[in-house]
Amino acid sequence: MARYRVTTGATELPDDTGCSILHVDMDAFFVSCELRTRPELANQPVVVSGGGPRSVVAAASYPARRFGVRSAMPFATAKRLCPQLVCIQPTPGLYGEVSRGVMGIFRQLTPLVEPLSLDEAFLDVGGALRRLGTTPGALGARIRERVEAEHGITCSVGVAKVKFVAKLASGMAKPDGMVIVPAAETLEFLHPLPVSALWGVGKRTEEQLRQHGWHTIADIAATPPARLRRAVGRAAGDHLWALANGHDDRAVEPESAEKSIGAEHTFDVDVLNRGELSVELLRLSERVGATLRSRALRGRTVSIKVRFADFRTITRARTVLSATDVARDIHRTAVELLTEHAPTGAVRLIGVRVEGLDTGDGGEQLSFANDEPRWRDAEVAADVARLKFGSAAIRPASLLSPREE
């Protein structure tokens, strides 16, 4: 793999002719966003996590990963693996803001951007190369430079002929690198890799393949498709054989419209008090409403998610009269759903979601008999204040801590 990796400042790039697919992946994204204002922690084992007894690791820095700490790991387990671990509380709204900026860089270069999550995306740059007068590798280098210069974080880039290989390449480029796989050398790149590198092969499938004597991608490529089908099924066998031979005809599909926006919270201690649950629903509704307004969206359906102490989980939804982005309306509906449909019991997790989204271009439904204050105007004013002075600048009084009251 060493000859495929491009170091920073390299003047000669591998032959990238025909390599129109890029996979760009931010390095330790949540941690990197936080470390922009905490540079003294750059070489320390750091995680982003709530830090409570039930919290999980949202992201781990590379020094933390050397201790075996990984994302989605319980924070308590991470702390046992690395007692000197530094925990940073997640900053609401920060990661979405940085992600939108980074995706904006991609879309300035090509309209064919397929986000996979906040921190990674496929790009098809085939149509942009002539317009920009550049090559795929040079474009990958430009992306890396712009992301770091404009957002203070690093990313890794894979450049290849097909999506599957580009994603593999970006993983091998981490952290802060680029791997270019020449189209003519796709099989040479793939075949020494273990079968677990094939897209869709988890632990169970890997064990199944190894039981048949298939340990590398080369083993899969050399196996008659009929034998693979007998071992793992027709669809899986054909899929694995195609990938092992460098075939992946999936196109980069630009992002589809969002279908819902939500937020949820896991309590450190199970909650029985419905008043406390209502306050948390207000906090979550504020987050959802602010996100909707920031994206110029409104929704017609409000739903709640409740997970009880025994891990029983229910969801309930209600369609409102007109599409809304107002936290007060979202909260009122969420509390009604909780009161009317959720059985009593200790609650472990609660969430709010707004679905049926549109841009609100149809305007706001008027109510001539309504003398209530214009709550949306107040919430938009609060958005402006928080943008200028920080997320704690203005909040509903019921969300203030006792020390702030």
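Mentor: β10 and β13 (residues 347-358) run antiparallel, joined by 8 bridges. Within that pair, Ser260 stands opposite Glu355 of β13. Keep in mind that this is a predicted model.

Now widen the view to the sheet. It is open and has 4 strands, in the order β10-β13-β11-β12, with antiparallel pairing. The edges are β10 (260-271) and β12 (313-324), each of which pairs on one side only. Direction ignored, neighbouring strands are turned by 15 degrees against each other on average.

Next, the helices. α13 (residues 274-294) lies across β10, β11 (298-308), β12 and β13. Its direction is at about 155 degrees to β10. α14 (residues 327-341) lies across β11, β12 and β13. Against β12, α14 runs at about 140 degrees.

For context, turn to the nonpolar cores. The largest one has 37 residues. Val24, Met26, Phe106, Leu123, Ile143 and Val147 touch the most other members. Elements giving two or more residues to this core include β2 (21-26), α4 (94-109), β7 (120-124) and α6 (136-151). The largest share, 8 residues, comes from α4. Look at Phe106 in particular. Leaving aside neighbours within four places in sequence, Phe106 is in contact with Val24, Met26, Val113, Ala121, Leu123 and Ile143. A second, separate core has 31 residues, among them Ala160, Leu193, Ile217 and Ala244.

Key:
Residues numbered from 1 in each chain as written. Predicted model: local features only at pLDDT ≥ 70, side-chain atom pairs only at ≥ 80, totals over all residues. Heavy atoms only, no water. Core = buried A, V, L, I, M, F, W, Y, C linked by side-chain atoms within 4.5 Å. Buried < 20%, exposed > 50% of the residue type's maximum accessible area, 1.4 Å probe, protein only. Contact = heavy atoms within 4.5 Å. Pairing = 2+ DSSP bridges. Axes fitted to C-alpha atoms, helices over the stretch in contact; angles between N-to-C directions.
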